Amino acid sequence: MRKLALSDEILLSIDKPARYIGNEVNSVQKDKTKIDVRFAMCFPDVYEIGMSHLGIQILYDMFNRREDVWCERVYSPWIDLDRIMREKNIPLFALESQDALSEFDFLGITIQYEMCYTNILQVLELGHIPLFAADRGEDCPIVIGGGPCTYNPEPLADFFDMFYIGEGETVYDALIDLYKEYKKGGRSRREFLKAAACLPGIYVPSLYNVTYKEDGTIESFTPSDPSVPEKIHKQIVMDVTDAVYPEKPVVPFIKVTQDRVVLEIQRGCIRGCRFCQAGMLYRPTRERDVEMLKATAVKMLESTGHEEISLSSLSSSDYSQLEELVNFLIEECRKKKINISLPSLRIDAFSLDVMSKVQDVRKSSLTFAPEAGSQRLRDVINKGLTEEVILKGAGEAFEGGWNKVKLYFMLGLPTETEEDQKEIAHLAEKIAERYYEIPKEQRNGKCQITVSTSFFVPKPFTAFQWAPMCTMGDFLGRAKTVNHEIKEQLNHKSIRYHWHEADVTVLEGLLARGDRRVSAVILEAYKNGAVYDAWSETFHYEYWLQALEHTGIDMDFYTTRERSTEEILPWDFIDIGVTKKFLAGEWQKARMGIVTPNCHQACSGCGAAKYKGGVCFEGKN
């Protein structure tokens with residue numbers, strides 16, 4: 001019998017105790033006396049969110065295939081348990097063994113979203129690990145960060161020993177082998193970090209120095225040791241078909257955010273939307289073989305007992321074998337009474353036909369993401385979606401029996417005008433009008449259109465990385481304009497409007513493009529009580545305002561300031577394949593409203609062809 005880290009008394013006093021007991025179906029148990037390296041894989045959010053993350057499932061499976069490694073999982077404790085652990089001095093623990101994090105060799109933290117940064121400090125503190133990498137002794141775990149936010153790791157640089165830049169399937173084996181070698185030889189932590197920094201994709205912040213100009217911009221970013229590379233090159237898996245993929249994912253005890261089998265059909269996106277960081281980070285687009293996907297889907301459904309399967313991709317409609325895969329899944333799932341979820345589909349005749357087969361049309365809604373209301377602004381952001389296509393898709397859907405549509409837009413995009421904002425309401429009205437063109441006897445009740453706007457945050461490695469961001473007041477003013485215009489429409493009773501929180505957005509902007517100096521703000525906000533900032537019920541904007549005032553950091557320097565394309569950006573030391581020259585060209589084309597064709601139409605010379613595969617080489621060799 002495993003001994004649980006929390007007593008029965010504590011488990012009975014907290015919300016959802018199953019978050020903390022481990023031992024779920026397909027979780028891995030090993031004899032810790034027979035392994036060499038213990039790896040705690042952390043998602044710094046609540047269990048239900050972390051258990052829905054595919055990346056951790058892949059790495060958990062990959063690490064545990066090694067006989068010399070035991071990978072376990074850890075998530076942020078919810079605020080009720082957080083309080084108890086502090087009061088009773090209970091160290092944060094991994095689910096499988098229930099051992100304290102301080103007993104592990106590595107603590108790997110997936111950094112998915114900027115508003116989880118204070119949760120990272122929560123995990124370290126509750127795990128009895130010094131917050132600053134510089135304060136960690138020989139017995140402390142190596143704290144390593146991975147995931148999309150590590151493409152600008154600088155705001156977190158003081159808290160991490162190293163970052164892994166890229167896809168996890170490539171260099172982790174070499175890193176673990178190196179660690180074993182240094183551990184066996186009794187070498188120091190510092191020596192290991194220096195050796196690890198020479199592995200491709202591994203960034204050790206303590207081995208790099210930053211200097212600043214009088215105006216606050218970066219003057220230089222250089223290695224402090226000549227053996228350490230100046231550039232960190234993104235690591236990428238070119239053959240995704242033969243890459244590790246979990247056939248027996250861990251099945252949670254409680255309902256999680258995505259309570260289903262997830263099948264990743266491809267990586268990357270051909271579209272080139274200028275606001276989209278993922279579209280640039282994961283270039284080039286690489287497809288998994290359809291036969292491998294069919295076999296994996298069957299195995300995952302059998303090993304988990306899940307009643308739903310979801311296809312994962314940035315743009316599922318662009319997967320070349322989608323029709324064959326979906327038809328196979330429809331047949332397979334019909335036999336087993338399993339639901340199919342198909343996110344990221346374009347609304348065209350094929351997609352609607354498929355969705356009508358796998359969804360209850362009367363209950364489900366269709367999602368369009370025009371991102372901008374006017375065609376002019378959609379061209380600025382390179383969305384590649386015309387009003388004609390949107391209205392045609394909506395019309396076909398309505399004629400197929402749907403009456404619910406969700407529309408996603410962004411406010412505060414570069415060059416956006418008041419007219420662009422009003423066009424959001426006008427597009428929603430045109431879609432409603434299209435519904436009411438259908439004869440009354442053929443309609444499925446009243447039309448329901450939900451318009452949602454998020455506020456635009458410029459991200460590293462996008463064409464808009466140099467763009468100024470709106471202030472909180474600007475964002476709210478734009479939402480007010482949209483809200484007023486929607487109420488003026490003839491069919492306003494069929495249109496509902498929601499908008500995102502502006503205070504969270506400006507902080508996301510600060511953290512997304514911050515440099516090392518921003519770490520002081522994160523630490524101070526955490527000391528003030530900030531944690532679970534991604535959750536509206538636990539977010540306190542005043543903690544961050546106090547932190548900014550205390551540290552003297554000027555938010556506007558990182559958010560509302562437009563950057564020169566000549567400026568050294570905090571993330572310029574990372575090479576993602578897509579070049580800074582290409583992104584600067586896209587920034588220029590955006591301001592001129594010039595559209596760049598997608599990767600299937602023409603190669604735009606972004607730089608990702610250096611990886612010699614994927615969409616860049618399809619049909620060319």
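These notes go through the sheet, then the cavities, then the helix pair.

I worked on a predicted model, where local features need pLDDT of at least 70, side-chain atom pairs count only at pLDDT 80 or more, and totals for chains, interfaces and linings use all residues. Residues are numbered from 1 along each chain as its sequence is written, and side-chain values use heavy atoms, without hydrogens or water.

**Sheet.** I found an open sheet of four strands, in the order E15-E16-E17-E18, paired in parallel. Strands (E, at least two residues) and helices (H or I, at least four) are DSSP runs numbered from the N terminus; pairing takes at least two DSSP bridges between two strands. E15 (366-371) and E18 (495-499) are at the edges with a single partner strand each, so one side of each has no neighbour in the sheet. Eight bridges join E16 (residues 404-411) to E17 (residues 448-455). Val 405 stands opposite Ile 449 in E17.

**Cavities.** I searched the whole structure and got five cavities of 30 Å³ or more. A cavity is a set of points on a 1 Å grid over the protein atoms alone where a 1.4 Å probe fits but cannot get out; lining residues have an atom within 4 Å of a point. The volume is the space filled by probe spheres set on the points, which are joined across faces, edges and corners. The largest cavity holds about 100 Å³. It has 18 lining residues, and those closest to its centre are Gly 272, Met 280, Arg 283, Phe 582 and Glu 586. Helix H20 (residues 580-592) gives the largest share of this lining, three residues.

**Helix pair.** The crossing of H4 and H5 is left-handed, meaning that the near helix is turned anticlockwise from the far one by less than a right angle.

Methods:
On a 1 Å grid over the protein atoms alone, a cavity is a set of points where a 1.4 Å probe fits but cannot get out, and a pocket is an open set with protein on both sides within 12 Å along at least five of seven lines; lining residues have an atom within 4 Å of a point.
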